[in-house]
Structure formats: C-alpha cells, structure tokens
Amino acid sequence: MAHKIWNWQQKEWPHFTYDEDALKTLELKFSQNTGTVLGAFKHVNENEKEHLIVEILSNEALKTSEIEGEYLDRDSIQSSIKRNLGLKVDKKKIAPAEFGISEMMVDLYKNFNTPLSHQQLFDWHKMLTNGRRDLKDIGTYRTHEDPMQVVSGRLDKPTIHFEAPPSHDMLKEMEQFVLWFNTMHSETEHSVLPIAKAGITHLYFVCIHPFEDGNGRIARALTEKSVAQSVGQPALISLSKTIESNKKTYYNTLENNNKSLDINDWLLYFGQTILDAQNDTLKLIDFLIEKAKFFDRYTTLMNERQIKVVIRLFDSGYEGFKGGLSAENYTKIAKTSASTATRDLKDMVDKKMLIKTGELKSTRYWLNIKY
Ligand SMILES: Nc1ncnc2c1ncn2[C@@H]1O[C@H](COP(=O)(O)OP(=O)(O)OP(=O)(O)O)[C@@H](O)[C@H]1O
C-alpha cells in the first residue's frame, strides 16, 4: 500500500482522541439509565428474571448473527441458552451454529467480570466457528499472508472499506489491545467514562480484525463486556438488536472513522446506540412486570382457551402481536369454532383484559396493558 490511509498506520496508533465535552450528555444519560434498569430489576420476580435473561441473550445471539447475514433458528437458540445456563436439560438436537453462538453469549454473561485474556477470545472464536470447515485458523489469531480486507459488492470488482494490519502484527497488536482493555477497566481507572470505553473497545478491536472471521460478533461481545465491567453487572442491553435495526449507519460510521485517530463521530453514534439498547431493555422489563400483573389479576377469570391465547400474545413481546389479534387468529390459536371465539373475546373485552378496535372484518383485539 503506497499511502498511509488507515488509522493503524498513523504514528499515534492506538491512541484514539475525542472531545470529552461532546460526550457528556450521553455519559450522564447512561449512568441515569443504568440506575433505572437496576431499580426496575428489583420489581421483577425470580421466574421473570430468568425469562428476561434468556430472552435478551437469545435475541442478542440471533441479532448479532443477523448483522452478518446469518439467520439462525430462534427456538434452538433459546433451548441452547437455557441449557448453557443450566436451566433446562432436554434432548433437543441443536445445530452447531446455534449451539456455538449461545455458548458464547452465556460465557460472556457468566464471566463478564474476569479480565480479558487471549484465551477467552480464542474460546469465543472456537464457539463462533463451531462446525465450520472453511477456515485455516480457528481459536487463534489469523496467520494468512494475503491482506485482511473488509469488502462489499461483486467478487470481481469489490469495494474495499477497510484494510487491517498484516497478520504478522497480530500477536503484538493483540498483546497491546488486551493490556489496554484490562487497564482501562481496572477499578482504579476513572479517567475514561463508560460510553467512551465501550466505543473505543469496539472500534479498536475491529480495526485490528485479528481473526479470519467473526470479528464483528466478537467486537460486539467485547462491547458488552466493557459495559458490564463499567456497571458491575452483566450488561443485558439489546446492543445487536439496536445496531441491526439501523445497520447501514453502523457500517457507514465505521467506514468514516477507520482512518483518523479522532473518533468523535463514532463515539457519538455508538453512545446513542448504547442508550437505545438500554432503553430497549427497560421496555422489556416494564413489559414483564405488566405481564406478571396481568396474570395475577386475570388467571382465575380465564378459561383454558383464553389463557392459551393470552400466553401467545405475550410471547410476541412488547412490540405486540403483529397487526393486532383477529377473531380468526383466535380460532386458530385456541383451536376452536368461530362462535366460541366470539363469545370468549367478548367476555375478555367485558372484563377489560382486551381492548377492541375497528369494526366488522377489521376488528382487532389488544392486551389491555400500558403499551
Ligand atoms: N469500514 C469498516 N472499517 C472497519 N470495520 C468495519 C468496517 N465495516 C465493517 N466493519 C466491521 O467488521 C465486521 C465484519 O468482520 P468479520 O466478517 O470478521 O465479522 P463477522 O462477525 O464476521 O461475521 P461473519 O464472519 O459472519 O461475516 C462488521 O461487523 C463490523 O464490525
């Protein structure tokens, strides 16, 4: 490469700079949100807490894979997360990709507090590449001779978005990175605030790009480790879900921040992403609290069909049952006749469990909770 284009070729690498004042509002909001999440958690009973952890870890496993265009099976991931957490033993056979990502999420959750080590990164890489046969270096940093590039577009005419340092620098770079991460997250280090720590962690890691594959997923896991160490609890934020919902901005912002060591734009984008991810968790917690209240109040007033349908509605999450529940949906879920469905639904509206909107064929029913 003729010109020194990339950040790692700059003299000051890896000393990133940013404007602390510009991040102040985000850092403050982060610390307020952290308090709110911890407070809300106290209102969730043990059963619901378990549900929440499984829900968030499963979503994150799914979404971090989706960012890379890999669509995994939700049920297998949930099962595998439960098994890895020691909550469930069943004989369901789980495919290698689903098993691997679940194992990594649970390891991240359980061992959030241990200092980062090369071994932990190698283990994650092994988990992520579980079952793959197309890679040379698994569970170790890359060694291939050809340049490590992030590319898109046609194979014969690719657009190069980034080129990472050569493979022979990996040991030196990663030694430095691991040392930086652990120093930055030691108890006595207060000069850098949590959002900045997490944001630098992500960008710094993907710019080294130390593995043959899986660098994005490991970078997002490391970000969650950083947040967890800053707050002293597993992060449980919907980071990958939030990134995935606006993937283009994620890639564009990375691309605009991989040349200079001044990464202010990146930290502003990523800080807001972390806040959105925290807010998503808060909504989930509120939703679970509402769910528990709903069942406390109404379980004895419902027949078996009604309970089955209500469970199905809650399973759709706080975003709700797509388009609302119709009488036809009800007959299908409860496996009942149209006339029974009409009677059950009217009863639930009368008891204020459901809210009815629309008329005739466009009549829809919604759970009567605060959403
Ligand atoms: N222009 C860029 N500069 C620096 N990093 C980038 C850029 N564009 C994308 N990235 C990062 O590189 C990651 C992709 O790297 P890599 O392919 O090794 O990861 P990932 O986890 O692979 O998944 P998969 O192997 O399934 O593609 C993205 O998720 C993103 O974090």
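This is a predicted model: local features need pLDDT of at least 70, side-chain atom pairs count only at pLDDT 80 or more; totals for chains, interfaces and linings use all residues.
1. His209 is a buried residue, because 24 other C-beta atoms lie within 10 Å, and the cut-off for a buried residue is 20 or more.

2. His209 sits in the loop between helix H7 (194-208) and helix H8 (215-231). If its neighbours within four places in sequence are left aside, the residues in contact with His209 are Met148, Ala164 and Asn215.

3. The annotation of this residue comes from a record: an unreviewed UniProt entry lists His209 under "active site". Such annotations may be inferred rather than shown by experiment.

4. For the protein as a whole, the secondary structure comprises 14 helices and four strands, and the C-alpha atoms fill a box of roughly 75 × 45 × 40 Å along the principal axes. Of its 371 residues, 35% count as buried, while 66% of the contacts with a separation of 6 or more are made by residues 24 or more positions apart.

5. Strand S3 (residues 354-357) pairs with S4 in the antiparallel sense over four bridges, and Lys356 stands opposite Tyr365 in S4. The two strands, S3 and S4, form a hairpin with six residues between them, and Gly358 in the turn has a positive phi of about 75 degrees.

How values were computed: Residues are numbered from 1 along each chain as its sequence is written. A residue is buried if 20 or more other C-beta atoms lie within 10 Å of its own, exposed if 12 or fewer, and partly exposed in between; C-beta atoms are placed from the backbone. Two residues are in contact if their C-beta atoms, placed from the backbone, lie within 7 Å. Two strands pair if DSSP finds at least two bridges between them.
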